[in-house]
Amino acid sequence: QVQLVESGGGLVEPGGSLRLSCAASGIIFNIYNMGWYRRAPGKRRELVAAITSGGRKNYVDSVKGRFTISRDNPEKMVYLQMHSLKPEDTAVYYCNADGSSLRPDLVSWGQGTQVTVSS
């Protein structure tokens with residue numbers, strides 16, 4: 001059974017940093033594309049950052065230069081390092097494992113971790 005468990009969220013002041021972690025189990029991790037999504041109150045879920053099985057990365061424009069996604073295949077971990085946090089980064093952040101290029105149903109989500117940026 002696939003399980004994604006996020007950690008690292010919390011309350012931080014504007015300009016601060018956080019690192020989110022996602023521990024994966026029950027999947028052949030290195031063949032999955034991994035991503036971080038977020039949903040802010042009253043807004044739609046958006047893709048924040050993604051990293052392919054081959055290590056290619058992409059980011060939503062609003063976080064470019066501030067956030068960095070990385071993965072550790074042997075440890076089955078994906079990370080989101082966030083710097084220069086802004087109040088508009090406040091959201092629940094979700095880890096996503098996407099193996100849909102192999103089979104459409106191979107998509108899993110974590111339970112989410114709250115990030116609040118406020119003074």
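Here is a short chat about how to read the model shown above.

Me: Before we start, what kind of model is this, and how are its residues numbered?

Reply: It's a predicted model, so local features need pLDDT of at least 70 and side-chain atom pairs count only at pLDDT 80 or more, while totals for chains, interfaces and linings use all residues. Residues are numbered from 1 along each chain as its sequence is written, and side-chain values use heavy atoms, with hydrogens and water left out.

Me: How many helices and strands does the chain have?

Reply: Helices (H or I, at least four residues) and strands (E, at least two) are DSSP runs, numbered from the N terminus. Here you get zero helices and 11 strands. Reading from the N terminus, the order is β-β-β-β-β-β-β-β-β-β-β.

Me: What does the radius of gyration say about a compact globule here?

Reply: The radius is taken over C-alpha atoms, and the globule rule is 2.2 Å times the number of residues to the power 0.38. For 119 residues that puts a compact globule near 14 Å, and the chain agrees, at 14 Å. The C-alpha trace spans about 45 × 25 × 25 Å along its principal axes.

Me: Which share of the residues is buried?

Reply: Buried means under 20% relative accessible area, exposed means over 50%, and partly exposed is in between (1.4 Å probe, protein chains only). In this chain, buried residues make up 42% of the 119. S21 is one buried case, because its relative accessible area is 13%.

Me: Where is S21, and what is S21 in contact with?

Reply: S21 sits in strand 3 (residues 18–25). Contact means heavy atoms within 4.5 Å. Leaving aside neighbours within four places in sequence, S21 is in contact with V5, E6, S7, W36, M77, V78 and Y79. For the chain, take the contacts with a separation of 6 or more: residues 24 or more positions apart account for 54% of them.

Me: How do I read an aromatic pair, and how many are there?

Reply: A pair of aromatic rings is described by the distance of the centres and the angle of the planes. Rings of Phe, Tyr and Trp (its six-membered ring) pair if their centres lie within 6.5 Å; planes under 30 degrees apart count as stacked, over 60 as edge-to-face and the rest as tilted. By this rule there's one aromatic pair. Y37 and W109 form it, edge-to-face, with 4.8 Å centre to centre and 65° between the planes. Y37 lies in strand 4 (residues 33–39) and W109 in strand 10 (residues 107–109), so the pair ties together parts that are 72 residues apart in sequence. W109 counts as partly exposed because its relative accessibility is 33%.
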